[in-house]
Every structure is written in C-alpha cells, then in structure tokens.
Amino acid sequence: MSPDFKRSAPDSPSISLPAIILAAGRGSRMGGLTEARPKCLTPLAGRPLLDWQLDALAAAGVTRITVIGGYRADCLRRPGLEIRLNDRWEETNMVGSLLCADDLLAAEPCLVAYSDIVYRAAHVRELAAAPGELAITYDAEWKELWELRFASPLDDAETFETRSGRLVEIGGRAHSMAEIKGQYMGLLRFTPTAWACVRALVDRLTPIERDRIDMTTLLRRLLSLGEPIDCVPVSGGWCEVDSPSDLAAYEARLASGVPWLHDWRQK
C-alpha cells in the first residue's frame, strides 16, 4: 500500500502553493520497465519515483498535489491525490499535460514537477520562496551526475546560463563545457501572471506546434519574448531517470556506501 503523503509531518510550515506532477508519458526509453506501469512508478532505491516525490513535497509542507496522468493512469491512485487525465498523451508533450491544469495555474501560484525526477524537500522550499513570476531550479553541480550517467557529458547536457539570477540560455546543443553553467532539473514555479504569458504564447501556436512543444522549448520562446525567468541554484540532491542505465548507475552509486552529492534521500 502506498503511503498517504498528507500524513507525513512537514519539516517546516506548510507551503500554500499546490503542486502539479506531469506523469502522462510512458517513457519509451525505459523499455520493458514501463510495459505495465507509467514511468513515474519505476522503482529506485526500493520505492517508485512518484513516492519519493510525494515524500519530498510532504516534507516541504505541500498539502495539495495534482498528478496529470495518461499512460496507465489507473496505476497512479494515491490517497489524497487529485488525478487528471491527458487523454491525448500519445500525441502531446509535457506542455500538453500542463494545459490540463490550466484552471489551477490561472488561479494561484503553482509548483510544477516532471514525474521522472527525485529531489530534496529543501529544493521545493527554495523554489517556492523564489522571487519573480516564473522560476526554475537548476543544478550547479551537474557535471558529477552527468559523468556518472554518460561516457561523455556533452552527448546529453544542454546549454544553460544565468545572469544576475535570471535565465539567459537553455536547451541548446552544447559544443563545450564552458557553455554549460548548470542543468535544468524539471522543477518550476508559475504565478498566474506567468501562466497568462504561457497561455498567450501557446494560443498563438498551430495545433501541430502546440502538440509538439516541450517545456525547454517553451522556456526558450518565453526568453525570446523578453519574459524574465528566475533561477534557483541547487548543489546536487536530485536525479532524473531517462533510461535503465540511469537506474543501474544510481543503484550502484548508492550501494557503494560512499557519500554522494546527488543522494536525494537527505532532507
């Protein structure tokens, strides 16, 4: 039986912001691991990715969580969660799933998380407290994690740069390590004002463009329009799972018993 996240005592006063977890995709690169369950239910260190997230959110004091499901959404039921369905999950990207929470995002500030990541409660608290209308977290110590996952970090890592605490570049093809000042994690916070800018951008897209746009591209387009995006740096304490090799690498690193900067299980 999966735990009810609402029963966990928070480490700090409750955060009034609701959280939205984008969990509609299958995760085709996971192969047979997602044949009978969505990607977010893949186990890591003995627990599903989703349950690690719920614990982190609960420890940060978040009490309202909505999960946007799609593939095998029937598996996502947890006590206290609201489940919404992106019934076009096969045709749309994460932005399509985010649009399923339009009413929530338009009403009050909201935290948004990809479902294939794990992170610490401290990251949630720092993001919730960030200034500005739209904010994201990024890992300033990304290189250690990418070196664990890839023979060459440049094969996967994307350009990322901030200036005076705001995003100036994200999501491009990096040709040198100098172009990478951090890595975007998949944790965001929107205010209704920021969401109105997103809706205005998305509403100008063609239906095909709207289905295909991903979150990083959305952020790049907002930057091109001059919209400010605040950035919250963290130093490790999180992981993303894109492949079975990621799982194997993390499990081996945890099993080594050597302290690890990216161990998300610490508060």
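The legends below describe close-up views of one predicted model. Local features are reported only at pLDDT of at least 70 and side-chain atom pairs only at pLDDT 80 or more, while totals for chains, interfaces and linings use all residues. Residues are numbered from 1 along each chain as its sequence is written, and side-chain values use heavy atoms, with hydrogens and water left out.

**View 1**
Rolling a probe the size of a water molecule over the atoms shows where empty space is left. A cavity is a set of points, on a 1 Å grid over the protein atoms alone, where a 1.4 Å probe fits but cannot get out; lining residues have an atom within 4 Å of a point. The structure holds 1 cavity of 30 Å³ or more. The largest cavity has a volume of about 50 Å³, a volume being the space filled by probe spheres set on grid points that are joined across faces, edges and corners. Its lining is made up of Ala19, Ile20, Leu57, Leu111, Val112, Ala113, Tyr119, Val124, Leu127 and Leu187. Two or more of these residues come from each of β1 (19-23), β6 (110-114) and α4 (121-128). Helices (H or I, at least four residues) and strands (E, at least two) are DSSP runs, numbered from the N terminus. With 3 residues, β6 gives the most to this lining. By class, the lining has 10 nonpolar, no polar and no charged residues. Here Ala, Val, Leu, Ile, Met, Phe, Trp, Tyr, Cys and Pro count as nonpolar, Asp, Glu, Lys and Arg as charged, and the others, Gly among them, as polar.

**View 1. The largest pocket.**
A pocket is an open set of points with protein on both sides within 12 Å along at least five of seven lines. About 1000 Å³ of space lies in the largest pocket. Of the 37 residues that line the pocket, Arg29, Asn93, Met94, Tyr114 and Asp116 lie nearest its centre. The elements that give two or more residues to the lining are β1, α2 (94-98), β9 (158-163), β10 (166-173), β11 (183-190) and α8 (215-224). The most come from β11, which gives 4 residues. By class, the lining of this pocket has 14 nonpolar, 13 polar and 10 charged residues.

Helix α9 covers residues 244-255, and at 1.5 Å a residue its 12 residues should span 16 Å. The expected span is 1.5 Å times one less than the number of residues. The end C-alpha atoms of α9 are 16 Å apart, which agrees. Asp246, Leu247, Ala249, Tyr250, Arg253 and Leu254 are the buried residues of α9. Buried means under 20% relative accessible area, exposed over 50%, and partly exposed in between (1.4 Å probe, protein chains only). Seen down the axis of α9, the buried residues fall within an arc of 165°, so they line one face of the helix. The arc is that of the directions from the helix axis to the C-beta atoms. These buried residues pack against β2 (43-44), α5 (142-149) and β13 (238-240), where contact means heavy atoms within 4.5 Å. Just after α9, Gly257 takes a positive phi of about 80°.

Ser243 lies in the loop between β13 and α9. At 17% relative accessibility, Ser243 counts as buried. Not counting residues up to four places away in sequence, Ser243 touches Arg29 and Met30.

**View 2. Helix α6.**
The 12 residues of α6 (residues 192-203) should span 16 Å, and the end C-alpha atoms are 16 Å apart, which agrees. Ala194, Trp195, Val198, Leu201 and Val202 are buried in α6. These buried residues fall within an arc of 120° seen down the axis of α6, so they line one face of the helix. They pack against α2, α3 (102-107), β8, β11, α7 (207-212) and α8.

**View 3. Two residues with positive phi.**
Ala45 has a positive phi of about 50° although it is not a glycine. Ala45 lies in the loop between β2 and β3 (47-48) and is partly exposed, with a relative accessible area of 25%. Ser164, also not a glycine, has a positive phi of about 55°. Ser164 is found in the loop between β9 and β10 and is exposed, at a relative accessible area of 79%.
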